[in-house]
Amino acid sequence: MRDLFKPKWRFAHIPSRHAAIFSIASAVLFTALPPAVPPAHAQPRLPTLGDGLELTAAAERKLGDRIIRELYRDPDYLEDAVLQEYVQGIFQPLLSAARARGEVAPDIDERFAWEILLGRDRSVNAFALPGGYFGLHLGLIGVVATPDELASVLAHELSHVTQRHISRLIAQQGKQTPLMIGALILGALAASKSPDAAQALMVGGQALAVQNQLNFSREMEREADRVGYGLMQPAGFAPQGFVAMFDKLQQANRLNDNGSWPYLRSHPLTTQRIADMQSRIAHGAAPAAPAPLQHALLAARARVLSRPGTDALRQWLAQPQDAGFAARGQRERAAAWYAAALSAVQLSDWQAARAAVRGLQDAVAGDANAARQARLLAAEVELAAGAPQAALKLLPESAGGASTHRPELLLRAQALVAGAGTAADRQALAGTLQTWVTARPRDAAAWQALAQLWRAQGQGLRALRAEAEAQVARQDYAAAVDRFKAGQDLARKSAGAADYIEASIIDTRLRAVESLLREQAAER
Ligand SMILES: [Zn+2]
């Protein structure tokens with residue numbers, strides 16, 4: 001990651017052209033920064049591994065929440081059900097393996113968020129944040145050749161968290177309040193991505209002063225490699241993926257591409273790390289299987305969604321017309337058709353998008369997972385083209401409950417809200433989504449979809465409550481209180497016809513969230 005804590009915002013290296021990944025709205029942050037940070041030598045010394053100095057799980061989660069509240073509002077924060085599902089499918093087995101191996105202490109298991117936030121940035125980066133939050137840039141998904149390579153990065157970052165590296169780094173910032181530490185971390189994130197050099201200097205100056213205290217040590221990096229490597233096989237990934245990722249990093253290192261590979265700057269490949277890895281492989285890891293077709297499609301998706309610019313989109317759109325295209329391998333053709341279709345959507349060329357989807361469907365025939373991705377993309381194209389009825393046909397009604405897939409659920413909601421289907425369809429999906437959010441109350445996008453469905457059904461009170469819960473999920477308690485109060489107003493105005501159960505739920509939730517808001521205010 002940019003292990004956040006290993007700020008690489010050495011300012012000379014701040015890429016000026018690379019779009020901010022999580023470009024923080026920095027103005028607010030600056031005012032939150034302390035006027036001056038004492039010089040490094042005045043800070044307590046970095047504790048050595050194993051001296052037991054740690055932040056409590058609850059305190060670390062609180063700090064993580066504070067940081068994440070800002071990231072959710074960042075314009076580069078990406079809500080994408082397809083990529084989120086794919087990344088979760090890699091992360092969850094790693095987390096389960098860590099639990100099974102006793103790497104996740106009960107206190108952090110219960111308290112931490114274990115959530116990955118996607119950033120639209122093209123740079124290759126991933127990082128762990130306090131409280132079990134992780135950041136992952138689309139640039140990294142776009143550059144890995146197999147799910148195993150992506151798993152190796154997530155396993156490494158997960159291990160920084162389970163081994164309490166972050167909490168140890170923070171705990172020794174004893175003289176700084178969590179608010180200051182949170183602001184410094186956010187400032188560091190912003191500085192590393194800011195295209196504005198003056199701004200970067202301003203934040204970077206502050207950040208540099210604490211860099212020495214917030215760095216992961218070389219021992220921590222080696223431990224994250226060792227523990228992370230141990231998760232690969234039990235989680236169902238080829239350990240060889242770790243080596244392949246190391247090779248990639250070494251290659252990029254040789255090219256000295258430090259603008260687009262921030263991950264490399266936070267994770268210098270020391271000879272020690274390479275030697276460690278080689279000795280593990282000597283003990284025999286089976287060669288990695290070729291990547292599933294689905295991976296090639298979703299890596300293409302990540303590249304297209306990372307705001308590559310119009311020229312790149314046009315190039316991807318034209319790629320299937322290249323001479324000799326038909327003679328290329330299935331993986332390459334399928335990925336090219338996927339990129340062409342999604343690029344066409346970004347360029348609002350619906351005819352080209354539909355044609356590319358047909359090419360994709362032919363190219364993935366016989367591979368169930370890839371065919372599903374083609375169908376989801378086809379629905380996305382129809383929705384974008386203003387044809388919700390055609391989209392709905394591609395998204396068959398599911399039985400609901402545990403077998404429901406999130407991308408299908410959210411796309412189907414979009415189609416129904418856009419006017420496809422019947423009132424009975426909307427009612428049925430609202431019921432499915434209600435069950436979904438009851439089990440996953442932090443799924444803001446699902447709450448939002450539910451709110452739109454209720455509104456389309458003329459259920460204003462339920463819509464307001466779902467909108468409020470979406471804000472709670474994003475930890476924007478002030479906005480949630482506003483929505484709950486709007487719900488109370490509506491309930492009063494429609495007295496008699498009001499849904500009393502819904503109104504009383506709103507009263508209860510409003511009190512609970514107001515108390516969270518007071519708590520938040522008291523932290524400042
Ligand atoms: Zn690391």
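Reply: Start with Arg307, found in the loop between α14 (293-305) and α15 (310-318). Those names come from DSSP runs: helices are H or I runs of at least four residues, strands are E runs of at least two, and both are numbered from the N terminus. The model is predicted, so local features need pLDDT of at least 70 and side-chain atom pairs need 80 or more, while totals for chains, interfaces and linings use all residues. Numbering starts from 1 along each chain as its sequence is written, and side-chain values use heavy atoms, with hydrogens and water left out.

Me: Why is Arg307 called partly exposed?

Reply: Its relative accessible area is 41%. Buried means under 20%, exposed means over 50%, and partly exposed lies in between, with a 1.4 Å probe and protein chains only. So 41% falls in the middle class. Arg307 also has a phi near 55°, a positive value in a residue other than glycine.

Me: Why does Arg273 count as buried?

Reply: Arg273 has 3% relative accessibility, which is under 20%, so the label is buried. It is found in helix α13 (residues 271-282).

Me: How do you know which residues Arg273 is in contact with?

Reply: Contact means heavy atoms within 4.5 Å. Leave aside neighbours within four places in sequence, and Arg273 is in contact with His156, Glu221, Arg222, Asp225, Phe246, His267 and Pro268.

Me: Arg273 also lines the second largest cavity. What makes a space a cavity?

Reply: On a 1 Å grid over the protein atoms alone, a cavity is a set of points where a 1.4 Å probe fits but cannot get out. A pocket is an open set with protein on both sides within 12 Å along at least five of seven lines. Lining residues have an atom within 4 Å of a point. The whole structure has two cavities of 30 Å³ or more. In its lining, α11 (240-254) gives the most, with four residues.

Me: What is the volume of the largest pocket, and which residues are closest to its centre?

Reply: The volume is about 690 Å³. Of the 22 lining residues, Gln88, Glu115, Arg406, Arg442 and Asp443 are closest to the centre. The largest share, six residues, comes from α3.

Me: Why is strand β2 called mostly covered?

Reply: Five of its five residues (115-119) are buried. Glu115, Leu117 and Gly119 point one way, while Ile116 and Leu118 point the other. In a regular strand, side chains alternate between the two faces of the sheet.

Me: How do you know that β2 and β4 pair?

Reply: Two strands pair if DSSP finds at least two bridges between them. β2 and β4 (residues 133-137) have five, in the parallel sense. Leu118 stands opposite Leu136 in β4. β1 (residues 77-78) and β2 have two bridges, in the antiparallel sense. The open sheet runs β1-β2-β4-β3, with mixed pairing. β1 and β3 (126-129) are at the edges because each has a single partner strand.

Me: What makes a set of residues a nonpolar core?

Reply: They must be buried Ala, Val, Leu, Ile, Met, Phe, Trp, Tyr or Cys, joined through side-chain atoms within 4.5 Å. The largest core has 137 residues, and Leu360 is one of those touching the most other members. A second, separate core of twelve residues includes Leu461, Val472, Ala503 and Ile506.

Technical notes:
Points joined across faces, edges and corners; volume = space filled by probe spheres on them.
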